[in-house]
Structures are given as C-alpha cells and as structure tokens.
Amino acid sequence: MNISRRDNSPLSSYRPSLDDQFGRLVENMFEDFLIPYASAGRLDATTFSPRLNVLETDRTFEIELEMPGVEKKNVKVAIDNRNVSVEGEAKRESAQKEGEHIVYGERSTRKYARSFSLPVEVEDAGAKARLENGILMLSLPKKLSAQPKKLTVQ
C-alpha cells in the first residue's frame, strides 16, 4: 500500500499497486462516491485516476486506460524503464452564441493522471499508443534480457 501526501483537500491521495485488488476497490469507491462531493464548489479541475487493465503476453504489456472526452493532442505518456506515467485532459469548449447564456452547467474540464510500475523494464523505442472512443491503448514491448553466454569447456 502506498500512502502519499497530506494536504488541505478533504481526501488524501492513496495509490495501491497494480496487483492490490482490494486497494483498487477501495480507491474506486472513493473516486465514485466521495470525490464528486469533495470537489463541489471548487473552481479548479480535479485530477482523476483513470481505471486501467494490464494484460501481459510473452513479449508485451497491453494496457487500456479509460479517459473519456480526451483528445489525442491532450494526452502525454512517459516511459522510464519500468515506470509509466499518463496524463490527459478533457476540455469543454464553451461556444456560446450571441444572446445565449448558460442556465445550468455541470460539464467541465477534467484532468486524468496515472503512474504505475510494471514488473519488468519496457523498450520505449517500440512502444505504441492509440486513443479510440475514450480508451487509451498502450502496447509496451518488454526489454529483451541479455541472452546467457555459453562457454565451452576446454
């Protein structure tokens, strides 16, 4: 379990590891039920942690992150050895016509950020990212480990 900083916000930040299913359940509960109430009345955008799926094959990690409303140009992905960081922002364009005014509005800018570590290092040169229908799909090839050297006995 990872516990991060304390600040003046009503909820502290808690980030469980990828294999901590109970921790993810607790985190999802807080996001689904408490964060909308805690952020009510704030003028700044709250940063949400996108839900993800991580699938492992022999050669790659296939990762899917939920980021509804985010456009390609507003997504940033950083890979550093085993660590992956993803950021995105769903911006709401307010195109009001002359003579119109907003009576009631709940839609706003939403920021997403998620960092996690994978079990092995990835080859960032062969990494691919694709965004379709609010799902960011990452294909991260595993770094090939050095082949063991075989010695001939003389």
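Predicted model: local features only at pLDDT ≥ 70, side-chain atom pairs only at ≥ 80, totals over all residues.
Most residues other than glycine have a negative phi. With a relative accessible area of 41%, Asn 81 is partly exposed. A positive phi, of about 50°, is also found at Asn 133, again not a glycine, which is placed in the loop between strand E9 (128-132) and E10; Asn 133 counts as exposed, at 82% relative accessibility.

Strands E6 and E7 also belong to an open sheet of four strands, in which the order is E3-E8-E7-E6 and the pairing is mixed. At the edges stand strand E3 (47-48) and strand E6 (75-80), each of which has a single partner strand, so that one side of each is left without a neighbour in the sheet. Strand E3 runs parallel to strand E8 (residues 110-117), to which two bridges join it, and Phe 48 has Tyr 112 in E8 as its bridge partner.

Beyond the sheet, attention turns to Lys 142, which lies in the segment after strand E10 (135-141). Lys 142 has a relative accessible area of 18% and is therefore buried, the cut-off being under 20%. The side chains of Lys 142 and Glu 56 are joined by a polar contact of 2.6 Å. When neighbours within four places in sequence are left aside, the residues in contact with Lys 142 include Glu 56, Thr 57, Asp 58, Arg 59, Thr 60 and Phe 61, together with Val 120, Glu 121, Val 122 and Glu 123.

Notes. Residues numbered from 1 in each chain as written. Heavy atoms only, no water. Buried < 20%, exposed > 50% of the residue type's maximum accessible area, 1.4 Å probe, protein only. Polar contact = N/O pair within 3.5 Å; in protein donor to acceptor, adjacent residues only side chain to side chain. Contact = heavy atoms within 4.5 Å. Pairing = 2+ DSSP bridges.
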